[in-house]
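This briefing sets out selected features of the structure shown below, grouped by topic for use in computational work.

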Amino acid sequence: VKLVESGGGLVQEGGSLRLSCAASGLVFKIYTAAWFRQAPGKDREFVAASRYRDRKTYYAPSVKGRFTISRDNDQNSVYLQMNNLQPEDTAVYYCAATGYNDYDRPYDYWGQGTQVTVSS
């Protein structure tokens, strides 16, 4: 199983980025997919998730209204559209997948991460 993130980079405050995560080696449509992030010196934190059964989405309060998670099961991919980025969004972003039909359960698989840096 492999999850590969892409789309990170350097953006100015108020800008946008779209992260992608391509999954292989698993039947993606039966996994809840999520994005997490870890800023320097901080713990990894939940960002957003898409439940596999009904595609219900969940967001951390800090990103709600600015970030949108979506998935394409045919492409075995999950995306994170990030708008109005702020310097506090600077972090390494990871995608993850769990066989549970909920977002607050242990995750089975993780990507290697992609760096997002927001300059002020």
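Predicted model: local features only at pLDDT ≥ 70, side-chain atom pairs only at ≥ 80, totals over all residues.

Glutamine 86 is buried, its relative accessible area of 17% falling under the 20% cut-off.

**Surroundings of glutamine 86**

- Glutamine 86 belongs to the loop that runs between E8 and E9.
- A polar contact of 2.9 Å joins the side chain of glutamine 86 to the side chain of asparagine 84.
- When neighbours within four places in sequence are set aside, the residues in contact with glutamine 86 are Glu13, Gly14, Arg66 and Val118.

**The four-stranded sheet**

- Four strands form an open sheet in the order E1-E3-E8-E7, and their pairing is antiparallel.
- The edges are taken by strand E1 (2–6) and strand E7 (67–72); each has a single partner strand, so one side of each lacks a neighbour in the sheet.
- On average, and with direction ignored, neighbouring strands of this sheet are turned by 15 degrees against each other.
- Six bridges connect E7 with strand E8 (residues 77–82) in the antiparallel sense.
- Isoleucine 69 has leucine 80, in E8, as its bridge partner.

**The nonpolar core**

- The largest nonpolar core comprises 35 residues. Those with the most contacts inside this core are Trp35, Val47, Phe67, Val78, Leu80, Met82 and Tyr93.
- At least two residues of this core come from each of strand E3 (17–24), strand E4 (32–38), strand E5 (45–50), E7, E8, strand E9 (91–98) and strand E11 (114–119).
- The strand that gives the most to this core is E9, with five residues.
- Leucine 80, one of the residues with the most contacts inside the core, touches Leu17, Arg18, Leu19, Trp35, Val47, Ala48, Phe67, Thr68, Ile69 and Tyr93, with residues up to four places away in sequence not counted.

**Positive phi in non-glycine residues**

- Arginine 55 has a phi near 60 degrees, which is a positive value in a residue other than glycine.
- Arginine 55 is located in the loop between E5 and strand E6 (57–59). With a relative accessible area of 43%, arginine 55 is partly exposed.
- Asparagine 76, also not a glycine, shows a positive phi of about 55 degrees.
- The loop between E7 and E8 contains asparagine 76. The relative accessibility of asparagine 76 is 21%, so this residue counts as partly exposed.

**Aromatic pairs and cluster**

- Seven aromatic pairs are present in the structure.
- In the pair of phenylalanine 46 and tyrosine 103, the ring centres lie 4.9 Å apart and the planes meet at 40 degrees, so the pair is tilted.
- This pair ties together parts that are 57 residues apart in sequence, because phenylalanine 46 lies in strand E5 and tyrosine 103 in the loop between E9 and strand E10 (109–110).
- Phenylalanine 46 is buried at a relative accessible area of 18%, whereas tyrosine 103 is partly exposed at 27% relative accessibility.
- One aromatic cluster is formed by Phe36, Phe46, Tyr58, Tyr103, Tyr107 and Trp110.

Terms used: Residues numbered from 1 in each chain as written. Heavy atoms only, no water. Pairing = 2+ DSSP bridges. Axes fitted to C-alpha atoms, helices over the stretch in contact; angles between N-to-C directions. Core = buried A, V, L, I, M, F, W, Y, C linked by side-chain atoms within 4.5 Å. Buried < 20%, exposed > 50% of the residue type's maximum accessible area, 1.4 Å probe, protein only. Contact = heavy atoms within 4.5 Å. Polar contact = N/O pair within 3.5 Å; in protein donor to acceptor, adjacent residues only side chain to side chain. Phe/Tyr/Trp six-rings, centres within 6.5 Å; stacked < 30°, edge-to-face > 60°.
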